Protein chains: 2
Amino acid sequence: MINKHSSLPLYTQVERYLTTEIKNGGYHSGDLIPSERELSEKFQISRMTVRQAINNLVNKGILYRERGKGTFVAAPKIGYQLKGIVSFSEDMRRRGLEPSTKVVSFKTISNPPEHILNKLACQDEKKVIQLERIRFANEEPVAIETAYLSYKLFANLSEEDTGGSIYDFVRKELKLEIHRAEQQIEAAIVGEKDGFLLDISPGSPVLIVNRTTYLSNGVPFETVKTVFRADRYHFSIEMKNEQEDDHVFSRD
Amino acid sequence: MINKHSSLPLYTQVERYLTTEIKNGGYHSGDLIPSERELSEKFQISRMTVRQAINNLVNKGILYRERGKGTFVAAPKIGYQLKGIVSFSEDMRRRGLEPSTKVVSFKTISNPPEHILNKLACQDEKKVIQLERIRFANEEPVAIETAYLSYKLFANLSEEDTGGSIYDFVRKELKLEIHRAEQQIEAAIVGEKDGFLLDISPGSPVLIVNRTTYLSNGVPFETVKTVFRADRYHFSIEMKNEQEDDHVFSRD
DNA sequence: AAGTGGTCTAGACCACAAC
DNA sequence: TTGTGGTCTAGACCACTTC
């Protein structure tokens, strides 16, 4: 079950062993799993390696520890969970819908509004790419999206690329890693133009998501405003309780 | 700068050393920080301990690594960031507003709707506590909140406790740890009753947040529906790119 | 070739929980 | 007292990047 000559790290193999046991019913919610020392002896690997595996599963919310007692299986998560940052297309597919896209406009803008430059941290260049798209699910319009992309990074983005996922372009063409996104979500009444494009009547509610997305070096590469039909879209997220820095002091 | 006899773990001290250096301008965005081996020698601690400190800062988005190159300072985060799960009161205070609360009703319900029991995972008991509150910021109504609490856990919750934060009760009275929350966010037009309580006109948009919150053992303790005035509230979150399990296979 | 982060070992002592 | 997770050590070899 653990292969020391695999290219897969040992701790990843231990993670898979544990998650498989949980899935297949070997361990249930609230169960105590074998101690770190037991597992390290069972697999003939060091305790630190077992800890690395367990740490990862604790961070994922699959296990939890109690000091002095042991490590336990957490209750399974319920419902649809949005893991990480996904593109519109992937989001729709996970909901069982078929996504499609219509590009409304695609152009380079030389003097965009200050707040766009601020969000993209490119005040030096004063040049961004603007991309407007209508997003469909099962042929029905669901959202109007206006994206501003850093010109530095996307100078080679072609019109053909705009029909698909910008995130795929970042990962596959630019070979960069997407790390985090800051989002602001608000509710509003649809404007006249958006209402027409979304095929909803005046006075209908919409969900507006403003997202700025960052690479792992902390550089923002896109800031996007998306207007969703409220009757066709809700936003699902999972939040973790990242605790603040603790206020402990030295006693020496 | 590092105290081996402190009660504070060494890796926490290294974390603080690095974040302080970054804050005070010792290192800037994109800068290469000293290598793990350099730091371990400088502080006369082992490399694994330095790694634990750096891992934590990488997870927080403060540093990032590049294999073969080194560890770098990430660009600072912009804007208001909601760290972790906060109560309404704390959320408002962070926005510079003074929160207050009016309890509309507080009662035990014996046969609540099935979906409430499912979310609280207490089908066995068929008994929950219902708490309806109006939430104010600077004396103005901002949200209508309907919370369902697990009876098992909150049997001792008194009417006086309901004016404040349920999360404080969980942490201080129950001495339990809040771990994660699943949330669904949607937009809608305000209903008649809520519109009256929120003092907004018919047809106004509202942001509806449905939240279920879990302890670290995976047990849900509350499920809450909150209706916010769209003109007074937007929801801010940060998402991280938790990557899926990689599809690597053994070559042996 | 030299330096970096990624993985791993075989121990150690500590604080805490349960008995 | 025994067993648990929490912290820490002093090494090791690997894959990768840069020169």
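In this predicted model, 67% of the atoms of DNA strand D within 4 Å of the protein belong to sugar or phosphate, and the rest belong to bases. Local features need pLDDT of at least 70, side-chain atom pairs count only at pLDDT 80 or more, and totals for chains, interfaces and linings use all residues. Side-chain values use heavy atoms, with hydrogens and water left out, residues are numbered from 1 along each chain as its sequence is written, and chains are lettered from A and ligands numbered from 1 in the order in which they are written.

A residue is near the strand if one of its heavy atoms lies within 4 Å of it. Of the 28 residues around DNA strand D, Arg47(A), Leu10(B), Tyr11(B), Ser46(B) and Thr49(B) come nearest.

| Side chain | Distance to a phosphate oxygen of DNA strand D |
|---|---|
| Arg51(A) | 3.0 Å |
| Arg65(A) | 3.1 Å |
| Tyr11(B) | 2.4 Å |

**Ile33(B)**

Ile33(B) lies in the loop between H1 and helix H2 (36-43) of chain B. Not counting residues up to four places away in sequence, Ile33(B) touches Leu18(B), Tyr27(B), Ile54(B), Leu63(B), Thr71(B) and Val73(B), where contact means heavy atoms within 4.5 Å. Ile33(B) and Val73(B) are 40 residues apart in sequence, with their C-alpha atoms 7.1 Å apart.

How values were computed. Polar contact = N/O pair within 3.5 Å; in protein donor to acceptor, adjacent residues only side chain to side chain. Helix = DSSP H or I, 4+ residues; strand = E, 2+ residues; numbered from the N terminus.
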